[in-house]
Amino acid sequence: MNKRLLIDPLDTESDHPCRLVNYTQNYQEFRCLLDRNVVSYLISLTARHEVKSELRYTAALQAFLNIAEIQSDPGLAYHEYMDSSGIEKADKELALFRAADNVNANYYVDLALGNITSIPKVAINTFSNGELFDKAKQQPPKLKYFEANKLCVKKALILKSCGYTDYQVMLELVDWVKDEYLFTAPAFHFLSIYFSSKRISNMLKSHSLAGVDNAAWDLCLVQELISRNKNDPTHVRWLLSTFDKAIKATIDLAFKKYYEDIDSYISRLEHSYSEMWGRKNGHGKRLLKKLSDFRNSANDESRNIVKYDWSSEYILSLRESIDNEFCDKVLAKQS
């Protein structure tokens, strides 16, 4: 089992999520949030006539989850599908995921080992469409953090287009968020990695609208994982399955490990940021100081979003302003 594909957000570097004995002898309930690509790969395992080598890790993952009796959850994948392809296609995909998720684990073991090249059709049960339509009636048109993440990413790219250095972009971004808008820790950590010396390939696939949307959905996944770990009953422990190195790196910074106290967590962040931004110049430490200062003043009435009582009119006006600026300063330079 590739430990990078199955992650415990409370201890991202450990390989204990990949040890079956940890589940067979544990009374705690485990669930696994899947990112969109893992969901797509799992569907592909049942849709293709022949499974190629890059999908065998997904087959191994699914066999492991089934044997360990870890419940899979596609989470926000279908909201992302809805956003890009519409609810009808997303609903069909969800039915296909349910079918793939319920295939006998032995077939996935054989796929992973190369003993078979495809799953027999008789082994795949059909699930009815319509599930997503029922869920969509209870969901807001946009997920809570999706637009907030988009705006943070757009504002960062706008600042970069104005000639700021990477470090100045992050300083200015935190000041802007403090004065004007919502703050999300995953976006702060993600963008800190992106503009630092530790940038991960394809964190932002492009500076286009599609590239920004993709990054915003990645950040929503991190926030959903934070929410699941905070809000689910104490006996439920959430894991994550992703191929995405940027998501994993962001989670590592956003989560306090289960064995850390707050001082140890802050110390680890300071070490990580010093490596990202240089040990001698103090940039990482100053960025974290800005983060701390912001958190201490999040409800300050001098902040516009507080002053206007989080009104939809203010947020929509700010969103329109940033969207126009993004078109003028980022997209226009690409055309």
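Close-up 1. Of the 23 residues of helix α11, 17 are buried, so the helix is largely enclosed by the rest of the structure. Buried here means under 20% relative accessible area, exposed means over 50%, and partly exposed lies in between (1.4 Å probe, protein chains only). The helix covers residues 209–231, and its end C-alpha atoms are 32 Å apart, which agrees with the 33 Å that it should span at 1.5 Å a residue. That expected span is 1.5 Å times one less than the number of residues. Helices are DSSP runs (H or I, at least four residues), numbered from the N terminus. The model is predicted: local features need pLDDT of at least 70, side-chain atom pairs count only at pLDDT 80 or more, and totals for chains, interfaces and linings use all residues. Residues are numbered from 1 along each chain as its sequence is written, and side-chain values use heavy atoms, with hydrogens and water left out.

**Close-up 2. The largest cavity.** The structure holds one cavity of 30 Å³ or more. About 70 Å³ of space lies in the largest cavity. A cavity is a set of points, on a 1 Å grid over the protein atoms alone, where a 1.4 Å probe fits but cannot get out; lining residues have an atom within 4 Å of a point. The volume is the space filled by probe spheres set on the points, which are joined across faces, edges and corners. Among the lining residues are Cys152, Met170, Phe183 and Leu191. Helices α9 (166–180) and α10 (185–195) each supply at least two lining residues, and α9 gives the most, with four.

**Close-up 3. Salt bridges around Arg268.** A salt bridge is a side-chain nitrogen of Lys or Arg within 4 Å of a carboxyl oxygen of Asp or Glu. Arg268 forms one with Asp252, with the closest N and O atoms 3.8 Å apart. This pair links distant parts of the chain, Arg268 in helix α13 (residues 262–277) and Asp252 in helix α12 (residues 245–254), 16 residues apart. Both Arg268 and Asp252 are buried. Arg268 also meets Glu260 in a salt bridge (2.7 Å, N to O). Glu260 is buried, with a relative accessible area of 9%.

**Close-up 4. The salt bridge of Asp15 and Arg19.** The side chains of Asp15 and Arg19 meet at 2.9 Å, N to O. Asp15 is partly exposed at 34% relative accessibility, and Arg19 is partly exposed at 44%.

How values were computed:
1 Å grid on protein atoms, 1.4 Å probe; cavity = no way out; pocket = protein on both sides within 12 Å on 5 of 7 lines; lining within 4 Å.
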